[in-house]
Amino acid sequence: MNSDEVQLIKKTWEIPVATPTDSGAAILTQFFNRYPSNLEKFPFRDVPMEELSENARFRAHAGRIIRVFDESIKVLGQDGDLEKLDEIWTKVAVSHIPRTITKESYNQLKGVILDVLTAACSLDESQAATWAKLVDHVYGIIFKAIDDDGNAK
């Protein structure tokens, strides 16, 4: 990413990171509303949808989603940022491999992440494309880790 793209990501990220748990909850809630079968892969799968927003495990997971993005965004523009991103997201991917999450489910989540960010940050088309570039890069790392493990679906 060029320096203008990095600055745009960092500036617009200030909005969702200001309320990390709520931002992560917005992503997960929309994800489960659009793709309810994905809830089965989560530790809070037995919690009714209408109670998820108040569930401690759900809120903890929501916060972790935003924290890993925050960690990633903080390294953008630093020396070795691509290597650092690779390390961060390979770790995330490897920790999720035992859950046998399909690439289709990951891609569903990717669309929701971009939709929620676009709405929350009032992104225009160009800004949304910059975020998509970053998320596409992250997903390339995740899918490589899945493929390397032999668990691709």
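Guide: An axis is a line fitted to C-alpha atoms, for helices over the stretch in contact, and angles run from 0 to 180 degrees between N-to-C directions. Helices are DSSP runs (H or I, at least four residues), numbered from the N terminus. This model is predicted: local features need pLDDT of at least 70, side-chain atom pairs count only at pLDDT 80 or more, and totals for chains, interfaces and linings use all residues. Residues are numbered from 1 along each chain as its sequence is written, and side-chain values use heavy atoms, with hydrogens and water left out.

Visitor: At what angle do the axes of helix 2 and helix 3 cross?

Guide: At roughly 105°, and the axes come within 7 Å. Helix 2 and helix 3 are therefore roughly perpendicular to each other. The cut-offs are under 35 degrees for roughly parallel, over 145 for roughly antiparallel, 65 to 115 for roughly perpendicular, and oblique for the rest.

Visitor: Which residues make the contact of helix 2 and helix 3?

Guide: Contact means heavy atoms within 4.5 Å. Helix 2 brings residues including P20, I27, L28 and F32, and helix 3 brings F58, H61, I65 and I66, among others. The contact divides into nine nonpolar, six polar and two charged residues. Here Ala, Val, Leu, Ile, Met, Phe, Trp, Tyr, Cys and Pro count as nonpolar, Asp, Glu, Lys and Arg as charged, and the others, Gly among them, as polar.

Visitor: How do helix 5 and helix 6 pack?

Guide: Their angle is about 160°, with the axes 11 Å apart. That makes helix 5 roughly antiparallel to helix 6. The crossing is right-handed. A crossing is right-handed if the near helix is turned clockwise from the far one by less than a right angle, and left-handed if anticlockwise. Among the contact residues are Y106, L109 and I113 of helix 5, and W131, Y139 and F143 of helix 6. The whole contact has 13 nonpolar, two polar and four charged residues.

Visitor: And at what angle do helix 4 and helix 6 cross?

Guide: Roughly 55°, with axes that come within 8 Å. Helix 4 and helix 6 are therefore oblique to each other. Helix 4 passes helix 6 in a right-handed crossing. L85 and W89 of helix 4 and V138 and I142 of helix 6 are among the residues in contact.

Visitor: How much space lies in the largest pocket?

Guide: A pocket is an open set of points on a 1 Å grid over the protein atoms alone, where a 1.4 Å probe fits, with protein on both sides within 12 Å along at least five of seven lines; lining residues have an atom within 4 Å of a point. Points join across faces, edges and corners, and volume is the space filled by probe spheres set on them. Here it is about 720 Å³. Of the 30 lining residues, I65, V68, W89, V92 and H96 are the closest to the centre. Helix 4 gives the most to the lining, with eight residues.

Methods: Helix = DSSP H or I, 4+ residues; strand = E, 2+ residues; numbered from the N terminus.
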